[in-house]
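Here is a short report for a reader who is new to this structure. Keep the sequence and the 3D view at hand while reading.

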Amino acid sequence: MAVWSFEQLLSFLVLLLLCIKPGLGTTLGKVGCIEGERQALLKFKHGLVDDYGLLSLWGDEQDKRDCCQWRGVQCSNRSGHVTMLRLPAPPIDEYGNYQSLRGEIRPSLLELEHLYHLDLSYNDFEGRQIPSFLGSLSKLQYLNLSHANFTQTVPTQLGNLSNLLSLDLSLNFLVQSGDLGWLSHLSSLRFLDLSLVDLGAAIHWSQAINKLPYLVHLNLSGCFLPPFTPGSLFHVNSSTSLVFLDLSSNYPINSSIYPWLFNFSTTLVHLDLSSNDLNGSIPDAFGNMISLVYLDLKGCELDGEIPCSFGNMSCLEYLDISGNGLDGEIPDTFGNMTSLTYLDISGNGLYGEIPDTFGNMTCLTYLALSSNQLQGGIPDAIGELASLAYLELFYNQLEGLPKTFGRSLVHVDISSNQLRGSIPDTVGNMVSLEELFLSHNQLEGEIPKSFGRSLVILDLSSNHLQGSVPDIVGNMVSLEILSLSSNQLQGEIPKSFSNLCNLQLLELDSNNLTGQLPQDLLACANGTLVALSLSDNRFTGSVPNLTGFSSLKRLNLGHNQLNGTIPESIGQLAELFIFDLGSNSLQGAISEAHLFNLSGLYHLDLSSNSLTFNMSLEWIPQFQLYSLLLASCKLGPRFPSWLQTQKTLAKLDLSNSDISDVLPDWFWNLTSFVRTLNISNNQIKGVLPNLSSQFDSHPDIDMSSNCFEGSIPQLPLSVTRLDLSNNNLSGSISLLCTVANSYLVYLDLSNNSLTGALPHCWPHWESLVVLNLENNKFSGKIPNLFGSLQLIQTLHLRNNNLTGELPLSLKNCTSLRFIDLGKNKLSGNIPLWIGGSLPNLTILSLRSNRFSGSIDPKLCQLKKIQILDLSSNSLSGIIPRCLSNFTAMTKKGSLIIAHNYSFGSYVHRGPMDINNESYVDKALIKWKGSEFEYKNTLGLVRSIDLSSNNLIGEIPKEVTDLLELVSLNLSRNNLTGLIPTTIGQLKSLEVLDLSQNQLFGGIPTSLSEISSLSVLDLSDNNLSGKIPQGTQLQSFSTYSYKGNPTLCGLPLLKKCPEDEMEQDSPTRSIEDKIQQDGNDMWFYISIALGFIVGFWGVCGTLLLNNSLRYAYFSFLNKIKDWFCVTIAINMARVRRSLRS
């Protein structure tokens, strides 16, 4: 990049200045080392520890006496004096390790009176202070003590080095300098680097810099520079020649620096102000810095728009303004910066389209516009940039790909946008492409077959791609990462994948892939493969043979159709970190051999298989798991003893695992860090202990469907989710009030024998989303404090002994979507506020209570209602005509009704971990006297049940506008009038019960058009006339129509008068007679044909085939003989019994 070439040029110029100093010329003769200086160097060596033998040639031996030949020493060819001592530590590796000298700098260096160059950088002086005597090396022109582990303060004596041209004290992290006044004496200084030296107390640092008129290079990065003070803002000497300025990572620096900075507008070539608190908009004056080649303003808290004046910096080659809060559109004037090779404006809030003028930046090699809000398509001009190698556009709202891509592109990341359409075949033009990221878009179509063979990373995950995985992918032999997960791909894994010998990560999960997994899957990559994820597909066969996959750390094969047993060779995958085979059809036993060598295992999921754990009581696993999921595995009847060795569990699921034990005491030693505990659907017995001190994190606890007895225990103060439903718990729930936190989002205590009044501590649980207390024995009123649950979405209190009216405070629970208060003793009117205050209500069940009064039309404001059950109350009045406002009953819905909620939990005392959960609701719907529970298809049900009340008036015809209504029950009321003639519009209707009312008139003929109708009851009304003909209505039993005396026609036995008249008519039409004659003729023809075929088919065969005829008559003789013998034996028995 340009910055490095500039620094190299600058260093060359500095060295050139040094080389033209007197005494550095060459002569024909060569002068040897001066003895005094040799001894001084040896004394210097004795102060050092040379671990790597760097100074092994420094010695007194005869062949080592010429110090001018020693490593790092350079002498004057004219005088023999030591002039340069260059001992920077050479690097060991690329990770920042060096072959450093250790120890101290001895004062013997003062005897090197002609020394002008001293470089001891990257050594280790073990936290000592920079020696003050270095300030006495009066001829020193170059001093480099960078990265040498010095501490304490910079000695002011360095200000005596009046001949110094270059000073580098950088990267000594604990060095500080309070007053930089000593710098002003270094009037000849050209190069100054104090980066990462603490200058927090150097209030007048800018004034000291201003007194260095020849300074060319200034680096004060990470120096904690204090902000400018008004007294600091005077102009610098006009003869200044500052070219390089780095003030990055000095957060106290703010926009007050601009007046001082813009004094260098005409000279600066390199400017780095990144990671400061400049705060505010970018000044237009930056456009006047026309000499700038390098400008870095990333992470400076800048806002506002990008100035159009940036286009004036035509020499700019490097521009980084990323990580700010800039907004607005990208100026078209960016196209004027035709020298740009590096442009990064990512991590802002820029919007609008990418300007077409970007095509003018023909030198661009690096372009990053990611993490903005850019829209529209990617201009074709960007795809035509011939030099572009690195393109990052991820996290925007871009919709279209360019028609073509440059051949020089090496890295392309356009993930997390809104790209639509198919991937163009022109991706094959990127012959140099190594990394392509197009994940998390809306791309469709098939995967192109034109990808180049140079690809190392290909990520097309989380799109809508279809078709099969092309064989060409297997020819990309350089591939190391391939992610095609979360698409709609079909077919089998191509056999060509066997060519991917460099593959490290393969993700094909969450597709529709099928076929049998080959046993030698990816055998070629057994030494490189780190992660294999094929979960959530439909793969069959057995678990592949992964013997020899020595690098495998992640194995995800869950949610497939794999069968057979798990091979014991899995236990030899020593690097395995994540092991997931959950939700398959695997069988057999799991022994110690399966987990023998998995010492680094972190996540184990074998749930939802038919596996039996067969471990010895003495087995101690080598691993310490974070997550253990063994749901539906056979672990019981006792808790596995090896479980007590796992001390770092955060997720534990032993649900439905055939455990019928008492919770052992050691079990609670596992729960300190557990945030998800599920031991539901077992037969675990006993009384729950005090749980308040058993969990350190914010736990999610599910102990439902067991045999726990006793009362509700004291719970963890930080519990977020608690399910104790379907147990034998009894007593009061007052101890719940000890959980006074805002974390509880889910509480299910249903199907127990809990008694007493509901507590009054509901304001403690302001985050509660799901509350289920149904099927208990609670009594008393619903507390008024329920209204404090403003986030609650589902409320189940069905089948208790609750009394009184609904509290007015419930109107504050505006997030409610599901209310089931059925089978209680609640009374009063149905509150008027339900319609106006609960706009999200989807299901409302108040049946089997003691509500009275009328159904107020305000209830019709529930536009999202899907199930309304007010049956078995004492409601009166008419049915409101505004039922057509239930717009959700006019539309199809999703399968389930789910409530999404989030809660945080701390893991291992670390940062908050956010869990996103979903609760799938269920409801009991009464049809024909029976209750049916709906859960997985509840979202499809549209039902109105107003039965068993005292409603009067007509059935409003508006109810027939609810086109997706599935069940309508208005039975056991006092309704009169006609059945609406438009009832045939309800094509989705499956249940219709209008029985036991006073309806009259005929059954509408349109009712026969509802083909989905499976339950019909019109009994006990005053309906009359003929039942409309059609296969649907005639398929119901007579019970559906009984109690309507004047109703006639099938399926009733009572015939209608018009039917009887037709039957008694003496004449028939000519057409009927012809038809009947034709039917008779075909009847006789069929008899004749049947006789001929039957007779000759049997008798003809017997006549023509001798062997068959012989066998047939032999069979008849045997039957006759058996029949005779049987009769004779039975008659003999009867005679004997009579004689006896």
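Cysteine 501 and cysteine 524 are joined by a disulfide, with 1.5 Å from S to S. This is a predicted model. The link of cysteine 501 and cysteine 524 is right-handed, with 90° about the S-S bond. Its two ends come from distant parts of the chain, 23 residues apart. Cysteine 501 sits in the loop between β28 (490-491) and β29 (505-507). Cysteine 524 sits in the loop between β30 (512-513) and β31 (531-533).

Are these two cysteines buried, exposed or partly exposed? Cysteine 501 has a relative accessible area of 31%, so it counts as partly exposed. Cysteine 524 has 32%, so it is partly exposed as well.

**Other disulfides**

The count of disulfides comes to 6. With bonded cysteines counted along the chain, the pattern reads 1-2, 3-4, 5-6, 7-8, 9-10, 11-12.

Cysteine 737 is joined to cysteine 761 by a disulfide, S to S 2.0 Å. The angle about this S-S bond is -75°, and the link of cysteine 737 and cysteine 761 is left-handed. Cysteine 737 is partly exposed because its relative accessibility is 24%. Cysteine 761 is buried because its relative accessible area is 5%. The cut-off for buried is under 20%.

Another disulfide joins cysteine 1048 to cysteine 1056, with an S to S distance of 2.0 Å. The link of cysteine 1048 and cysteine 1056 is right-handed, at 100° about the S-S bond. Cysteine 1048 is buried, with a relative accessible area of 5%. Cysteine 1056 also counts as buried, at 0% relative accessibility.

| Disulfide | S to S distance | Angle about S-S bond | Handedness |
|---|---|---|---|
| Cysteine 501 to cysteine 524 | 1.5 Å | 90° | right-handed |
| Cysteine 737 to cysteine 761 | 2.0 Å | -75° | left-handed |
| Cysteine 1048 to cysteine 1056 | 2.0 Å | 100° | right-handed |

Cysteine 223 counts as buried because its relative accessibility is 0%. Cysteine 363 is partly exposed because its relative accessible area is 36%.

**A buried leucine**

Where does leucine 736 lie? The answer is the loop between β45 (728-731) and β46 (746-748). Leucine 736 has a relative accessible area of 2%, so it is buried.

Which residues does leucine 736 touch, not counting those up to four places away in sequence? They are Ile712, Leu715, Leu747, Leu749 and Trp765. Glutamine 714 is 22 residues from leucine 736 in sequence. In space the two are 6.9 Å apart, C-alpha to C-alpha.

**A sheet of three strands**

An open sheet is formed by 3 strands, in the order β33-β35-β37, and the pairing is parallel. The edge strands are β33 (563-564) and β37 (610-613), and each pairs on one side only. Strands of a sheet pair through backbone hydrogen bonds. Here β33 and β35 (residues 585-590) run parallel and are joined by 2 bridges. Which residue in β35 is the bridge partner of asparagine 563? It is serine 585.

**A nonpolar surface patch**

Tyr1112, Phe1113, Phe1115, Leu1116 and Ile1119 make a nonpolar surface patch of about 470 Å². Isoleucine 1119 is found in helix α10 (residues 1106-1139). Its relative accessibility is 43%, so isoleucine 1119 counts as partly exposed.

**The whole chain**

The protein chain holds 10 helices and 70 strands. It has 1140 residues, and 51% of them count as buried. Its accessible surface comes to about 49400 Å². Carbon and sulfur atoms account for 52% of that surface. Among contacts with a separation of 6 or more, 53% are between residues 24 or more positions apart.

Notes. Residues are numbered from 1 along each chain as its sequence is written. This is a predicted model: local features need pLDDT of at least 70, side-chain atom pairs count only at pLDDT 80 or more; totals for chains, interfaces and linings use all residues. Side-chain values use heavy atoms; hydrogens and water are left out. Two strands pair if DSSP finds at least two bridges between them. Helices (H or I, at least four residues) and strands (E, at least two) are DSSP runs, numbered from the N terminus. Patches are made of residues with over 30% relative accessible area and no salt bridge: like charges are joined within 9 Å, nonpolar side chains (Val, Leu, Ile, Met, Phe, Trp, Tyr) within 5 Å. Accessible areas come from the Shrake-Rupley method with a 1.4 Å probe; for residues, only the protein chains shown count as cover. A salt bridge is a side-chain nitrogen of Lys or Arg within 4 Å of a carboxyl oxygen of Asp or Glu. Buried means under 20% relative accessible area, exposed over 50%, partly exposed in between (1.4 Å probe, protein chains only). Contact means heavy atoms within 4.5 Å. A disulfide is a pair of cysteine sulfur atoms within 2.5 Å.
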